[in-house]
Amino acid sequence: MLIGVLALQGAFVEHEKMLAKSGVDSFEIRQLCDLDRNFDALILPGGESTVQGKLLKELDMMDKVRALIEKGLPVWGTCAGLILLAKSIDGGEKPHLATMDIVAKRNAYGRQLGSFFCKDDFKGLGQVPMTFIRAPYIQSFGAGVEVLAEVEGKIVAARQRNMLVTAFHPELNDDASLHAYFLREFVK
(Lines give C-alpha, C1' and ligand atoms only; values in the text may rest on other atoms or scores of the structure.)
Protein backbone atom coordinates (compact mmCIF):
# COMPACT_ATOMS: atom_id res chain seq x y z
CA MET A 1 0.00 0.00 0.00
CA LEU A 2 1.31 3.44 -0.96
CA ILE A 3 -0.31 6.73 0.06
CA GLY A 4 0.40 10.04 -1.67
CA VAL A 5 0.49 13.09 0.60
CA LEU A 6 0.09 16.52 -0.99
CA ALA A 7 3.26 18.33 0.11
CA LEU A 8 2.82 21.86 -1.20
CA GLN A 9 2.20 23.44 2.19
CA GLY A 10 0.83 22.50 5.59
CA ALA A 11 1.05 19.50 7.93
CA PHE A 12 2.12 16.88 5.37
CA VAL A 13 5.14 15.59 7.35
CA GLU A 14 2.90 14.87 10.33
CA HIS A 15 0.63 12.72 8.14
CA GLU A 16 3.67 10.87 6.78
CA LYS A 17 4.79 10.11 10.35
CA MET A 18 1.32 8.81 11.29
CA LEU A 19 1.25 6.58 8.21
CA ALA A 20 4.73 5.24 9.04
CA LYS A 21 3.51 4.58 12.60
CA SER A 22 0.72 2.51 11.02
CA GLY A 23 3.27 0.59 8.90
CA VAL A 24 2.19 2.23 5.63
CA ASP A 25 4.50 3.72 3.00
CA SER A 26 3.89 7.22 1.71
CA PHE A 27 5.46 9.69 -0.67
CA GLU A 28 5.22 13.44 -1.17
CA ILE A 29 3.31 14.91 -4.09
CA ARG A 30 5.01 18.18 -5.04
CA GLN A 31 4.62 18.40 -8.81
CA LEU A 32 2.44 17.14 -11.64
CA CYS A 33 4.67 14.15 -12.51
CA ASP A 34 4.30 12.83 -8.94
CA LEU A 35 0.64 12.16 -9.75
CA ASP A 36 1.71 9.66 -12.43
CA ARG A 37 2.97 7.23 -9.78
CA ASN A 38 0.84 4.22 -8.93
CA PHE A 39 -0.59 4.93 -5.47
CA ASP A 40 -3.61 3.79 -3.49
CA ALA A 41 -4.93 6.96 -1.82
CA LEU A 42 -4.30 10.66 -1.34
CA ILE A 43 -4.16 12.85 1.77
CA LEU A 44 -4.76 16.59 1.51
CA PRO A 45 -3.24 18.03 4.72
CA GLY A 46 -4.22 20.92 6.91
CA GLY A 47 -2.60 24.28 6.27
CA GLU A 48 -3.74 27.24 4.20
CA SER A 49 -6.43 26.24 1.70
CA THR A 50 -5.99 29.41 -0.35
CA VAL A 51 -2.24 28.81 -0.73
CA GLN A 52 -2.67 25.11 -1.49
CA GLY A 53 -5.39 25.85 -4.05
CA LYS A 54 -3.24 28.51 -5.71
CA LEU A 55 -0.24 26.16 -5.89
CA LEU A 56 -2.35 23.29 -7.26
CA LYS A 57 -3.44 25.63 -10.04
CA GLU A 58 -0.01 27.20 -10.72
CA LEU A 59 1.65 23.77 -10.86
CA ASP A 60 -1.07 22.48 -13.25
CA MET A 61 -2.07 19.81 -10.73
CA MET A 62 -5.69 20.84 -10.02
CA ASP A 63 -7.35 19.08 -12.96
CA LYS A 64 -5.32 15.88 -12.54
CA VAL A 65 -6.05 15.65 -8.80
CA ARG A 66 -9.76 16.31 -9.44
CA ALA A 67 -9.84 13.64 -12.18
CA LEU A 68 -8.18 11.05 -9.94
CA ILE A 69 -10.72 11.72 -7.17
CA GLU A 70 -13.65 11.62 -9.60
CA LYS A 71 -12.36 8.26 -10.92
CA GLY A 72 -12.53 6.89 -7.37
CA LEU A 73 -9.10 7.45 -5.80
CA PRO A 74 -9.65 7.47 -2.02
CA VAL A 75 -8.90 10.92 -0.58
CA TRP A 76 -8.82 12.33 2.94
CA GLY A 77 -8.86 16.08 3.47
CA THR A 78 -7.97 17.41 6.91
CA CYS A 79 -8.83 21.04 7.79
CA ALA A 80 -7.61 22.90 4.67
CA GLY A 81 -8.09 19.63 2.76
CA LEU A 82 -11.78 19.74 3.72
CA ILE A 83 -12.00 23.21 2.17
CA LEU A 84 -10.18 22.05 -0.99
CA LEU A 85 -12.72 19.24 -1.48
CA ALA A 86 -15.85 21.29 -0.71
CA LYS A 87 -18.22 22.08 -3.61
CA SER A 88 -18.89 25.45 -2.02
CA ILE A 89 -17.12 27.70 0.49
CA ASP A 90 -19.07 30.13 2.65
CA GLY A 91 -17.32 33.47 2.69
CA GLY A 92 -16.69 33.97 -0.99
CA GLU A 93 -13.59 31.89 -1.62
CA LYS A 94 -13.85 30.19 -5.00
CA PRO A 95 -14.11 26.37 -4.73
CA HIS A 96 -10.95 24.45 -5.57
CA LEU A 97 -11.37 20.72 -6.30
CA ALA A 98 -15.13 20.91 -5.59
CA THR A 99 -15.64 17.13 -5.54
CA MET A 100 -17.56 16.66 -2.27
CA ASP A 101 -21.15 17.84 -1.84
CA ILE A 102 -20.52 19.99 1.23
CA VAL A 103 -20.45 23.69 2.06
CA ALA A 104 -17.40 24.58 4.15
CA LYS A 105 -17.34 27.49 6.59
CA ARG A 106 -13.73 28.77 6.66
CA ASN A 107 -12.08 29.85 9.93
CA ALA A 108 -15.36 28.98 11.60
CA TYR A 109 -13.82 28.93 15.07
CA GLY A 110 -12.02 32.25 14.71
CA ARG A 111 -8.37 33.11 14.39
CA GLN A 112 -5.35 31.26 15.80
CA LEU A 113 -6.40 32.18 19.35
CA GLY A 114 -9.67 30.32 18.72
CA SER A 115 -7.80 27.04 18.33
CA PHE A 116 -8.73 24.27 20.76
CA PHE A 117 -8.46 20.58 21.61
CA CYS A 118 -11.20 18.20 22.67
CA LYS A 119 -12.14 14.55 22.64
CA ASP A 120 -15.46 13.73 21.04
CA ASP A 121 -17.37 10.91 19.36
CA PHE A 122 -16.50 9.78 15.84
CA LYS A 123 -18.97 7.33 14.29
CA GLY A 124 -17.63 3.81 14.57
CA LEU A 125 -14.56 4.78 16.61
CA GLY A 126 -15.90 6.26 19.84
CA GLN A 127 -13.99 9.15 21.43
CA VAL A 128 -11.05 10.49 19.41
CA PRO A 129 -8.72 13.43 20.05
CA MET A 130 -9.51 16.47 17.91
CA THR A 131 -7.17 19.43 17.45
CA PHE A 132 -8.79 22.45 15.81
CA ILE A 133 -6.53 25.20 14.41
CA ARG A 134 -8.35 28.01 12.59
CA ALA A 135 -10.65 25.19 11.62
CA PRO A 136 -13.60 25.07 9.26
CA TYR A 137 -16.76 23.11 9.78
CA ILE A 138 -19.35 21.72 7.39
CA GLN A 139 -22.21 24.20 7.20
CA SER A 140 -24.45 21.99 5.05
CA PHE A 141 -24.27 18.88 2.91
CA GLY A 142 -26.02 17.14 0.05
CA ALA A 143 -27.40 13.67 -0.60
CA GLY A 144 -24.94 10.85 -0.14
CA VAL A 145 -22.88 12.62 2.51
CA GLU A 146 -22.67 10.81 5.85
CA VAL A 147 -21.93 12.84 8.97
CA LEU A 148 -19.29 11.13 11.13
CA ALA A 149 -18.67 13.65 13.92
CA GLU A 150 -20.09 16.82 15.43
CA VAL A 151 -18.66 19.11 18.08
CA GLU A 152 -20.99 21.57 19.80
CA GLY A 153 -23.59 21.05 17.07
CA LYS A 154 -21.15 21.72 14.21
CA ILE A 155 -20.30 19.01 11.66
CA VAL A 156 -16.57 18.34 11.81
CA ALA A 157 -16.22 15.03 9.90
CA ALA A 158 -18.05 13.41 7.00
CA ARG A 159 -17.67 10.98 4.15
CA GLN A 160 -19.07 10.66 0.63
CA ARG A 161 -18.18 7.83 -1.75
CA ASN A 162 -14.35 7.75 -1.82
CA MET A 163 -13.88 10.97 0.18
CA LEU A 164 -13.30 11.54 3.89
CA VAL A 165 -12.99 14.98 5.50
CA THR A 166 -12.14 16.11 9.01
CA ALA A 167 -12.15 19.75 10.13
CA PHE A 168 -9.58 18.89 12.79
CA HIS A 169 -5.98 17.64 12.65
CA PRO A 170 -5.69 13.97 13.67
CA GLU A 171 -2.07 14.01 12.50
CA LEU A 172 -1.14 16.34 15.38
CA ASN A 173 -2.01 13.79 18.10
CA ASP A 174 -0.44 10.46 19.08
CA ASP A 175 -3.64 8.54 18.31
CA ALA A 176 -3.45 6.85 14.88
CA SER A 177 -7.05 5.55 14.96
CA LEU A 178 -8.31 7.95 12.25
CA HIS A 179 -5.45 7.05 9.93
CA ALA A 180 -6.26 3.37 10.53
CA TYR A 181 -9.95 4.14 9.86
CA PHE A 182 -9.11 5.83 6.52
CA LEU A 183 -6.89 2.93 5.46
CA ARG A 184 -9.44 0.30 6.50
CA GLU A 185 -12.62 1.97 5.24
CA PHE A 186 -11.39 3.66 2.07
CA VAL A 187 -8.14 2.09 0.85
CA LYS A 188 -8.80 -1.59 1.72
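Predicted model: local features only at pLDDT ≥ 70, side-chain atom pairs only at ≥ 80, totals over all residues.
## The start of the chain

## The start of the chain

Residues are numbered from 1 along each chain as its sequence is written, and side-chain values use heavy atoms, with hydrogens and water left out.

M1 belongs to the segment before β1 (2-6); helices (H or I, at least four residues) and strands (E, at least two) are DSSP runs numbered from the N terminus. Although 186 residues separate M1 from V187 in sequence, their C-alpha atoms are 8.4 Å apart. Leaving out residues up to four places away in sequence, M1 touches V24, D25, D40, L183 and V187, where contact means heavy atoms within 4.5 Å.

## Helix α5

Helix α5 spans residues 177-187, and its buried residues are L178, H179, Y181, F182, L183, F186 and V187. Just after α5 comes K188, with a positive phi of about 50°.

The buried residues of α2 are S49, Q52, G53 and L56. They line one face of the helix because, seen down the axis of α2, they fall within an arc of 100° (the arc of the directions from the helix axis to the C-beta atoms). K54 and E58, on the other side of α2, are exposed. The buried residues pack against β1, α3 and α4.

In α3 (residues 62-70), M62, V65 and I69 are buried. These residues cover an arc of only 75° around the axis, and therefore sit on the same side of α3. D63 and E70 are exposed on the other side of α3. The elements that cover the buried residues of α3 include β3 (41-44), α2 (49-58), β4 (75-78), α4 (80-85) and β12 (163-166). G72 follows α3 and has a positive phi near 110°.

## The loop at V145

V145 is placed in the loop between β9 (137-141) and β10 (146-151). With a relative accessible area of 10%, V145 is buried. Its contacts, apart from neighbours within four places in sequence, are M100, D101, I102, A158, R159 and Q160. V145 and R159 are 14 residues apart along the chain, with 5.7 Å between their C-alpha atoms.

## The largest pocket

The largest pocket holds about 190 Å³ of space. Of the 16 residues that line the largest pocket, G47, E48, C79, I133 and R134 are the closest to its centre. On a 1 Å grid over the protein atoms alone, a pocket is an open set of points where a 1.4 Å probe fits, with protein on both sides within 12 Å along at least five of seven lines, and lining residues have an atom within 4 Å of a point. The lining comprises 6 nonpolar, 7 polar and 3 charged residues.

## Cysteines

The count of disulfides is 0, a disulfide being a pair of cysteine sulfur atoms within 2.5 Å. C79 is in no disulfide, and the nearest cysteine sulfur, that of C118, is 13 Å away. C79 is buried, with a relative accessible area of 4%, whereas C33 is partly exposed at 45% relative accessibility.

Key. Buried < 20%, exposed > 50% of the residue type's maximum accessible area, 1.4 Å probe, protein only. Points joined across faces, edges and corners; volume = space filled by probe spheres on them. Nonpolar A, V, L, I, M, F, W, Y, C, P; charged D, E, K, R; others polar.
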